[in-house]
Amino acid sequence: MRRLMAIAFMLMRVTNISASFVRQRPSRHVRKLETTLRMRSDDAPLQGKTCLVTGSSGGIGKGIAHRFAEAGADVIVHYHSRKSGAIKTFSEINDEPYEGRCIGIIRADFRDARQVKEMFRCVLDEILLGNRLDILVNNAGIVTKMAIEDDDESLSSWHETMAVNLHAPLQLMRLSHMHMKSTQVNGRKGGVIINNTSIHGSRSVEYMQAYAASKAALDSLTRGLACEYAEGGIRVNAIAPGVVPVERTEEAFADPNVVDMWTPHLPVGRLGKVDDIADATLMLATNEWMSGSIVTVDGGMTGRANMPFRPRPARQSAPEVNGSSEGSTVEFEVPLI
Ligand SMILES: NC(=O)c1ccc[n+]([C@@H]2O[C@H](COP(=O)([O-])OP(=O)(O)OC[C@H]3O[C@@H](n4cnc5c(N)ncnc54)[C@H](OP(=O)(O)O)[C@@H]3O)[C@@H](O)[C@H]2O)c1
């Protein structure tokens, strides 16, 4: 009953106004788990930390939110249009026997810089309530596919892509940095920022120039801000995924021909999974010697040059040693002592 009331409360509070939020006490179920089923702290590397994952209403962001909660973090979910997806992430995390939990849901449209600012204020003042933010995962993004000449005269699509994929993450990094460097709670200081970029940040294909440029710029900011923010004890890294089917691409990948088209280009022999990306993101959150890194997770796709596939050359016979190719021993010019 309490759980139903909590969800009803959430549905009432998550509205379509600029930046809205929901703060939740952990359900009775979760509180019980906290006392009875807690994972060992050794297994929960993010125990006691808080984390905001933007764009966690589905796809990769949802996978990261799950993984971080599993690792002990208190997670805040952000969404733009998929309210039901955000609530699902929230409920699933709080239903699992994680040491962490989902402590809030917040909505903001990153095309509007004012909403980004207001969202961050709500996260600190209305959800964290004096606690600090330890980890920011800039995951939200839009995948724009368009020939440059098909954009309108004001380059609306270009600007929208930059606003969501580059300007909002930059604004959130800036706000997080100011907060993290100046806020200590229970000895927790510094912080971690992880940007979800893409292999398109370093590789070019047709009709994805706005997307690729936004991700390349975010890669560059990741490296640069890792230097600038180091003094405040804040590490900045990026994950650059390859092809990972998510709800957004469900229809396309339902066609086996599409899967067959991609698979030969993936040396590991399969498309990515959300968990592949979540695992690598957790590694970036926990490895304290990593900063300024762009970690490619793409099944080996970009490691291979874009050359035609070549047949395996015929095996050469083993070179002869001392006149015999089998059972020969090496003879030393200098006698062994
Ligand atoms: N999947 C891949 O193959 C792949 C590969 C490389 C990189 N990536 C990157 O991974 C990230 C997640 O993408 P995904 O593939 O998991 O797709 P997705 O499920 O569509 O995730 C995109 C997220 O961004 C949010 N978002 C979209 N427009 C927004 C806006 N105007 N304001 C605020 N948030 C907005 C969405 O929120 P709502 O759904 O609530 O609107 C959603 O949660 C993106 O940055 C993407 O570039 C994905």
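Modeller: Let us begin with a term: a residue is near a molecule if its C-beta atom, placed from the backbone, lies within 6 Å of that molecule. Please keep in mind that this is a predicted model.

Colleague: Okay, how many residues surround the ligand, and which are the closest?

Modeller: There are 28 residues around the ligand, and the closest are G55, G59, H80, F110 and G141.

Colleague: And how do the residues of that shell divide into nonpolar, polar and charged?

Modeller: The shell around the ligand holds 11 nonpolar residues, 12 polar ones and 5 charged ones. Helix α3, which covers residues 59-70, supplies the largest share of this shell, with 3 residues.

Colleague: Stepping back, how many helices and strands does the protein have?

Modeller: The secondary structure comes to 10 helices and 8 strands, and of the 337 residues in the protein, 38% are buried. Taking the contacts between residues at least 6 apart in sequence, 74% join residues that are at least 24 apart.

Colleague: What about the largest nonpolar core, which residues touch the most other members there?

Modeller: That core has 64 residues, and those touching the most other members are C51, V53, F68, V75, I76, V77 and V123. In soluble globular proteins, nonpolar side chains tend to be buried together. If we pick out I76 and leave aside its neighbours within four places in sequence, its contacts are C51, L52, I103, G104, I106, V123 and I127.

Colleague: New topic: which strand is V295 in?

Modeller: V295 sits in strand β8, which runs over residues 294-297. Beyond its neighbours within four places in sequence, V295 is in contact with N237, I239, A240, A280 and L284. V295 also lies 9.5 Å from T197, C-alpha to C-alpha, although 98 residues separate the two in sequence.

Colleague: Why does V295 count as partly exposed?

Modeller: V295 counts as partly exposed because 17 other C-beta atoms lie within 10 Å, whereas a buried residue needs 20 or more and an exposed one has 12 or fewer.

Colleague: What is the phi of L129, and is L129 buried or exposed?

Modeller: Phi of L129 is near 45°, a positive value in a residue other than glycine, and most residues other than glycine have a negative phi. L129 is found in the loop between α5 and β5, and L129 is exposed because it has 9 other C-beta atoms within 10 Å.

Colleague: And where does Y207 lie?

Modeller: Y207 is in the loop between β6 and α7, with a positive phi of about 65° although Y207 is not a glycine. Y207 is partly exposed, with 13 other C-beta atoms within 10 Å.

Methods:
Residues numbered from 1 in each chain as written. Predicted model: local features only at pLDDT ≥ 70, side-chain atom pairs only at ≥ 80, totals over all residues. Helix = DSSP H or I, 4+ residues; strand = E, 2+ residues; numbered from the N terminus. Contact = placed C-beta atoms within 7 Å. Nonpolar A, V, L, I, M, F, W, Y, C, P; charged D, E, K, R; others polar. Core = buried A, V, L, I, M, F, W, Y, C linked by C-beta atoms within 7 Å.
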